[in-house]
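Please read the following briefing alongside the sequence and the coordinates.

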Amino acid sequence: MSGGDAGLSAADLAVDHRLALLSQSFRFLLEVTPVDADDLRDDFLEGRDPDPAFTYRELDTDPDVVRAELDAIDVGEVEDPVLGQLLRAKHREMELQLDMLEARDTDDFLPLSVELYGGVSPSLRTQAETLLAGITRTEAADEALDAEEFLALAEDEIAHYRTEDPDLDMHAEIRTDVNGVMVSGDTLLIGPETKVQRARAQALLHHEVGTHLVTQANGSHQPIKVLGVGLAGYDETQEGLAVLAEIACGGLTAFRLRQLASRVVTVHRMIGGASFAEAHEALVADGFPEGSAWTTVMRVYRSGGMTKDAIYLRGLVELLEHLGADGSLDQLWLGKFSLRDLPLIGDLEDRGLLRPPRVLPRYLHDPATHANLARAAGTEDLGTLLEGHA
């Protein structure tokens, strides 16, 4: 072995770098999300189209070409056993993502999604149903920020982080082919029709910028580049961390907690065979406004069945258990990875193979954060997460 920047062999790091670059060559979430959801919403809500046929982007990159490049990366050659384990899992995850891109809008998509993101366990379903039954009142809607106003707040937030590290690659922009708010790589994407309740804006900034962009920036700075694009299974912990940020800053609302629960039960209904219209009707019966229910169902039924939306609540539950067992969040800012890989990341850090985070989430500097997290740690009754909050 020859010593590399991280004390790993140059050959091992080359495999990591090739996987990271290839992972960035396609935008998985954007590719499986419809471009015309806003256009079809009114027809559905007015009863003219009970089974909306969404349109998706033309793929920027041919999956067969990416697969050929992926097949040419031999993760079995990685000598470091810890790095090898992590990269083999990432390699398999990328194979699944390519399979899903090729299966968009077909019956093959859902089983692949279940393999990648999992389904809904009985216990998670029970927790979600308990939240929907137990939280019967939500906050009144307040002033809504439009896309331009939220973009301005996001740019101010990014500017704050740049005062700590001027070289941070973080961006925000309005994209006409995006619905809502999402992060792709180092960029926060905001749909032009986006409306954000002013009372939710700060929590959403901590979710998107303070979690997704901060861990992307920290991971990209690591000698192991896959930590920037995300190790296998990172989404669940990322989304759990992002919701935890909402709790930490005191921004978790009753509506938001019900929304997370509604995603879980909608994934369960979709796997159980409910049609788009039936899933929407069920959410309206659960007390959700028709427009909000549309967005939740669209997210779950996109591309043929996307079970990803169950991971927000599942990831939060796992992190609350982690905190309840005296676990720390400190290492989770090193990059994007799953909580289950924490021992492997700890091993890499103990060997001096990782660099400290460039920046930490802004909310961690607020003393109130720690009291909010301490109150939430280990709770099994998720309804108590609203105590002391909006």
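His-206 touches Glu-157, Thr-211, Ala-245, Cys-249, Arg-362 and Tyr-363, not counting residues up to four places away in sequence, where contact means heavy atoms within 4.5 Å. This is a predicted model, in which local features need pLDDT of at least 70 and side-chain atom pairs count only at pLDDT 80 or more, whereas totals for chains, interfaces and linings use all residues. Residues are numbered from 1 along each chain as its sequence is written, and side-chain values use heavy atoms, with hydrogens and water left out.

**Buried and exposed residues**

- His-206 is found in helix 9 (residues 198-220); helices (H or I, at least four residues) and strands (E, at least two) are DSSP runs, numbered from the N terminus.
- At 5% relative accessibility, His-206 counts as buried, a term that means under 20% relative accessible area, with exposed meaning over 50% and partly exposed lying in between (1.4 Å probe, protein chains only).
- Glu-93 has its place in helix 5 and, with a relative accessibility of 6%, also counts as buried.
- The side chain of Glu-93 is joined to that of Lys-90 by a polar contact of 3.0 Å; such a contact is a pair of N or O atoms within 3.5 Å, and within protein one must be able to donate a hydrogen and the other to accept it, while residues adjacent in sequence count only if both atoms are side-chain atoms.
- Once its neighbours within four places in sequence are left aside, Glu-93 is in contact with Leu-116, Leu-231, Ala-232 and Gly-233.
- Ala-279, which is found in helix 13 (residues 276-285), counts as buried at 0% relative accessibility.
- Leaving aside neighbours within four places in sequence, the contacts of Ala-279 are Thr-266, Ala-274, Val-297 and Tyr-301, and the C-alpha atoms of Ala-279 and Val-267, twelve residues apart along the chain, are separated by 9.1 Å.
- Lys-195 lies in the loop between strand 4 (187-190) and strand 5 (196-197), and at 59% relative accessibility Lys-195 counts as exposed.
- Lys-195 is in contact with Ala-144, Leu-145 and Asp-146 when its neighbours within four places in sequence are left aside, whereas the C-alpha atoms of Lys-195 and Ser-25, 170 residues apart along the chain, are separated by 30 Å.

**Backbone angles**

- Most residues other than glycine have a negative phi, and most peptide bonds are trans.
- Asp-105, in the loop between helix 5 and helix 6 (109-117), has a positive phi of about 65° although it is not a glycine.
- Ser-303, in the loop between helix 14 (290-301) and helix 15 (311-324), likewise has a positive phi of about 65° without being a glycine, and Ser-303 is buried, with a relative accessible area of 0%.

**Helix packing**

- Helix 4 (residues 63-71) and helix 5 (residues 81-102) pack at an angle of about 165°, with their axes 10 Å apart; axes are lines fitted to C-alpha atoms, for helices over the stretch in contact, and angles run from 0 to 180 degrees between N-to-C directions.
- That angle makes helix 4 roughly antiparallel to helix 5, given that angles under 35 degrees count as roughly parallel, over 145 as roughly antiparallel, 65 to 115 as roughly perpendicular and the rest as oblique.
- Helix 4 and helix 5 cross in a left-handed sense, meaning that the near helix is turned anticlockwise from the far one by less than a right angle (right-handed if clockwise).
- Helix 7 (residues 122-134) and helix 12 (residues 254-271) pack at an angle of about 135°, with their axes 8 Å apart, which makes helix 7 oblique to helix 12.
- The crossing of helix 7 and helix 12 is left-handed, and the residues of their contact divide into eight nonpolar, two polar and three charged, where Ala, Val, Leu, Ile, Met, Phe, Trp, Tyr, Cys and Pro count as nonpolar, Asp, Glu, Lys and Arg as charged, and the others, Gly among them, as polar.
- Helix 1 (residues 10-23) and helix 5 pack at an angle of about 25°, with their axes 11 Å apart, and the two are therefore roughly parallel to each other.
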